Amino acid sequence: MDKIRVLVVDDSPFSQKIMAGTLDQTIFEVCGFAENGWDAVAKYKFLSPDVVTMDMNLPDMDGIACSKEIMSINPAAKIVMVSAMRDESLLSRGYSVGVQAFLQKPLKPAELIDTLRQVCSCSPDNQEWHSKYLTHFVSALQQNILQMAKLESRITTAVDDQPKFTAHGVAIIIGITGKQSGRIILTTSEATARKFTQIIFGGMDVDEDDILNSIAEFANIIGGHSVSVINNIFRGAELRLTPPGIMSGSTIDLINPRLSSFNIQVETEIGMINMNIGFAGGNSLGC
């Protein structure tokens, strides 16, 4: 298989070296470096790379202007913006000239490789990309357990190929809409839900409404953080969440119709928390 050729546009020798090291031994290869905007335009014409990583701050122009110049040469050019900043104004300006994705420095190697693969591939088979999106849910889940309840956790994930998902205790269901549809199910035992809520409330006594509402809000925060990251990275994802639905009972069976589903099991000192993420078929995000 031929390597996917990457033009790295960045005036920092340090950043160039980090990028080259990250892409070494992957399906990508750095075909050239450019230290300023006009050098990037010239090398794009000469090298015809498959994808460009574009630093925002260049000596002679910003990354948006450089991307615009490259898009004027090839409207189908694939560009990933890399910047220490990432705000709504920057995203809007970048998307308006044709940038496909944004990454924030310092770069995470897995996120860089996944994003480049996403930008360069529009396979109709979404299974692999669904598993990539899963990493953002896992990260949000672990971070918010630590931030909200000061709990360390150990997480395992697995593909769920069962026709139904069975929950016990408390189950929160949140729909995912946008370019792809799906749903999030967060479930835990009533005892664990109570302990989790008491920690959040500083040890206060809590009733059933407190427990259900706190677990629902916890699931909503995780989902919100996850889809926000995906929306920021992948152009045109436009994922949204539906309001959470709350269910409770000794056994709750939920059907998994035509979903690519993944189970996330979280082990904490107060008990297990489970999350099931399912995506329906359709085009990959950003394609």
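**Entry 1: an aspartate in a strand**

I began with aspartate 160, which lies in strand S6, residues 154-160. Keep in mind that I am reading a predicted model. I then asked which side chain of opposite charge is nearest to aspartate 160. I found arginine 183, 5.4 Å away. Aspartate 160 is buried yet has no salt bridge, and a salt bridge would need the nitrogen and the carboxyl oxygen within 4 Å. I did find a partner of another kind: the side chain of aspartate 160 makes a polar contact with the side chain of asparagine 276, at 3.0 Å.

**Entry 2: an asparagine in a helix**

Next I turned to asparagine 144, which I located in helix H6, residues 127-149. Is asparagine 144 buried or exposed? I noted a relative accessible area of 4%, and under 20% means buried, so asparagine 144 counts as buried. What does its side chain reach? I listed the backbone oxygen of alanine 140 at 2.8 Å. I also listed a polar contact between the side chains of asparagine 144 and histidine 225, at 3.2 Å.

**Entry 3: charge on the surface**

Last, I looked at the surface and found a patch of negative charge where Glu190, Asp207, Glu208 and Asp209 gather. I picked one of them, aspartate 209, and placed it in helix H8, residues 208-233. Its relative accessibility is 53%, and the cut-off for exposed is over 50%, so I wrote aspartate 209 down as exposed.

Key
Residues numbered from 1 in each chain as written. Predicted model: local features only at pLDDT ≥ 70, side-chain atom pairs only at ≥ 80, totals over all residues. Heavy atoms only, no water. Patch = residues over 30% accessible without salt bridge, like charges linked within 9 Å, V, L, I, M, F, W, Y side chains within 5 Å. Areas by Shrake-Rupley, 256 points an atom, 1.4 Å probe, with all protein chains shown as cover. Lys, Arg positive; Asp, Glu negative; His and termini not counted. Charge placed at Lys NZ, Arg CZ, Asp CG, Glu CD. Helix = DSSP H or I, 4+ residues; strand = E, 2+ residues; numbered from the N terminus. Buried < 20%, exposed > 50% of the residue type's maximum accessible area, 1.4 Å probe, protein only. Polar contact = N/O pair within 3.5 Å; in protein donor to acceptor, adjacent residues only side chain to side chain.
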